Amino acid sequence: MSIRLSKDEKQALADTLSLIYGTNLDVDIYKSRFNERAVLETEKALNELIKCNKAMKSLVLGLSAGSAFLASGWLRKILQKFASALKSDKVQFNGVGCRNGVALQSKSAVMLTIY
Amino acid sequence: MLAPYVKDRVNVMQQYSQAEKLFATTVLLFTTLLQTACASGLERYSLSKQSGIDFVELSNSVHAIKIPTNQLTNAKIISLDGLMVLFSQEKHLSFSVSSRESFGVPDMQFLLSNIPEYLIGKKPLPEQQAEAYRIFYEDLALTRKVLIEDMVTPIKIGYFVIPDGKIYIAIGKKQAVIFVYTSEFPDIISQLSVHGLSVKEIESMILQGYVQ
């Protein structure tokens, strides 16, 4: 898989990060810098976040047909579908505190990839 | 008018000598103190203050950390929904604030300092019957499992008393999480998430700034 992300992939990653970290992070501004490392670090964060959140875990398992779950590189394979699903109101997330604490713990590792 | 069972207890106590009563009271006091200590599950973090260190104070707009000036050479400091310090590709931290809403706290009665004491110190949470608290407590249990046990996997824990509050420390081999709580901001907890620093580096680069 190429290192460079397509424009659509960068937008999908920005949408995913906005949902994880909230709009305060303003990741849209930095999406031109997004790269494969950003996807991998986001994937690591999501690997922990889905432990907090049954809905997110079901979403990932559903989109990846279960097989890619936890295998490195799963996020890029489903990135655009995943971002679209997150943006729709169909996915209801529980575990707000767990999601918040785990997301904060991963934040510098994700943002480091664009600085 | 004393109830019969109270009368019985008074009569029994009158049978003991002063020395026996004193011994019983001492044992009771010691047991209570021991239970209190065990309930918090956290001990005061032992670290001596080193002199001659110059610090740069960095604020996330609520709480501050003080990092030795010489550690910031070539570091990147980024203000982005809180604060991030990138020392290198492997060593970095974020310092963010979380509100009651961020934790999903059901009401204003719950003391936010209970959260780090539960997450790191395993102190039991105050008993609550409301359904909203059941959901909140389940979420906190999950937070402890994922954030503390899975991500940080502490090899060293403890707390520091700081002016007007406490910091709660959990250091693992690869990650650490430090919570800062002060009574000046009772609705906020700061979360300091650290990556790639050893116990000694965390002590010299972050905790020294809190030592009184």
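Reader: What counts as a contact in this model?
Author: Happy to start there, and do keep in mind that the model is predicted. The test looks at C-beta atoms placed from the backbone. Two residues are in contact if those atoms lie within 7 Å.

Reader: Of the contacts in chain A between residues at least 6 apart in sequence, what percentage join residues at least 24 apart?
Author: Chain A has five helices and zero strands, running α-α-α-α-α from the N terminus. Among its contacts between residues at least 6 apart in sequence, the share joining residues at least 24 apart is 73%.

Reader: Why does the span of helix H1 (residues 7-21) of chain A agree with expectation?
Author: The expected span is 1.5 Å times one less than the number of residues. H1 of chain A has 15 residues, so it should span 21 Å. The span agrees because its end C-alpha atoms are apart by 21 Å.

Reader: Which helices do the buried residues of H1(A) pack against?
Author: Good one to check on screen! The buried residues of H1(A) include Leu13(A), Leu17(A) and Ile20(A). Their partners in chain A, counting the buried residues of H1(A) together, are H2, helix H4 (74-87) and H5.

Reader: Which helix gives the largest share of the side of chain A that touches chain B?
Author: The contact takes 21 residues from chain A and 28 residues from chain B. On the chain A side, helix H2 (36-52) and helix H5 (96-112) each supply at least two residues. The largest share, 13 residues, comes from H5(A).

Note on methods: Residues numbered from 1 in each chain as written. Chains lettered and ligands numbered in written order. Predicted model: local features only at pLDDT ≥ 70, side-chain atom pairs only at ≥ 80, totals over all residues. Helix = DSSP H or I, 4+ residues; strand = E, 2+ residues; numbered from the N terminus. Buried ≥ 20, exposed ≤ 12 C-beta atoms within 10 Å, placed from the backbone.
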